[in-house]
Amino acid sequence: MNRNTIIGAALACALLPAAAFAGATITVENPYARPPMGGGKVAAAYMTLKNTGGEADKLIRAEGDVAKKVELHTHIMEKRDGRTIMKMRPVPYMEVPAHGQTVLKPGGLHIMLIGITRDMKPGDAFDLTLVFEKAGKVKVRVPVKKISATMMHMMKQKMHGMKHEQGMPPKGMQMQQQ
Ligand SMILES: [Cu+2]
């Protein structure tokens, strides 16, 4: 074994552990959920997904026993008869860019909890498991926070223009009506 081979082997050993973790590295910041509106069985969870890795990753699923169904949703704005309508849509995944973040927030991406199985009052908390394509499973404890007066005011204004299509309600709304 000449000197170069030895250095090469040492380098390979030093680099291997780093290479194993070179993929997406996901952390979750500021997770919170809002209590169900009007005592219903549907609520939403929000958070910031941070990717410190050099590769983009995707949140492909969320799991938890807090609700019968846990879905990935977004809001879309649609023009209908000259009015703008806000609707919810399930999405197959949420992309988290390399060295970037994806923010789940009211009016945008969110984790939909359908058929809540327990109390969800401000001060309560529940566990969710986020499943990423590359990073795998990431557990997160989600506290339930009350809606502030300002937020409530904004939501009421938004709700004014929010309507779900007749005959084709998103899955989340079907459960709410049961
Ligand atoms: Cu939703």
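**Entry 1: the whole chain**

I began with burial: buried residues make up 22% of the 178 residues in the chain. I count a residue as buried if 20 or more other C-beta atoms lie within 10 Å of its own, as exposed if 12 or fewer do, and as partly exposed in between, with C-beta atoms placed from the backbone. I noted that this is a predicted model, where local features need pLDDT of at least 70 and side-chain atom pairs count only at pLDDT 80 or more, while totals for chains, interfaces and linings use all residues. Residues are numbered from 1 along each chain as its sequence is written.

Next I looked up the secondary structure, which comes to three helices and 10 strands. These are DSSP runs numbered from the N terminus: helices are H or I with at least four residues, strands are E with at least two. Along the sequence I read α-β-β-β-β-β-β-β-β-β-β-α-α.

I then checked contacts (C-beta atoms, placed from the backbone, within 7 Å). Of those with a separation of 6 or more, 70% join residues 24 or more positions apart.

I found an open sheet of four strands in the order 6-3-9-10, with antiparallel pairing. Its edges are strand 6 (94–96) and strand 10 (136–143), and each pairs on one side only. Two strands pair if DSSP finds at least two bridges between them. Strands of a sheet pair through backbone hydrogen bonds, either parallel or antiparallel.

I followed strand 9 (residues 125–132), which pairs with strand 10 over eight bridges in the antiparallel sense. Across this pair, Phe126 stands opposite Val142 in strand 10.

**Entry 2: the core**

I turned to the largest nonpolar core, which has 29 residues. Such a core is a set of buried Ala, Val, Leu, Ile, Met, Phe, Trp, Tyr and Cys residues joined through C-beta atoms within 7 Å. Among the members that touch the most others are Ala33, Ala44, Ile111 and Leu128. Strand 2 gives the largest share of this core, six residues.

I checked Ala44, leaving aside neighbours within four places in sequence. Ala44 is in contact with Ala33, Arg34, His110, Ile111, Met112 and Leu113.

**Entry 3: Val70**

Why is Val70 classed as buried? Val70 is buried because 20 other C-beta atoms lie within 10 Å. I located Val70 in strand 4. Not counting residues up to four places away in sequence, Val70 touches Ala62, Glu63, Gly64, Ile111 and Leu113. I also looked up Val70 and Leu128: they are 58 residues apart in sequence and 9.2 Å apart in space, C-alpha to C-alpha.

How values were computed:
Contact = placed C-beta atoms within 7 Å.
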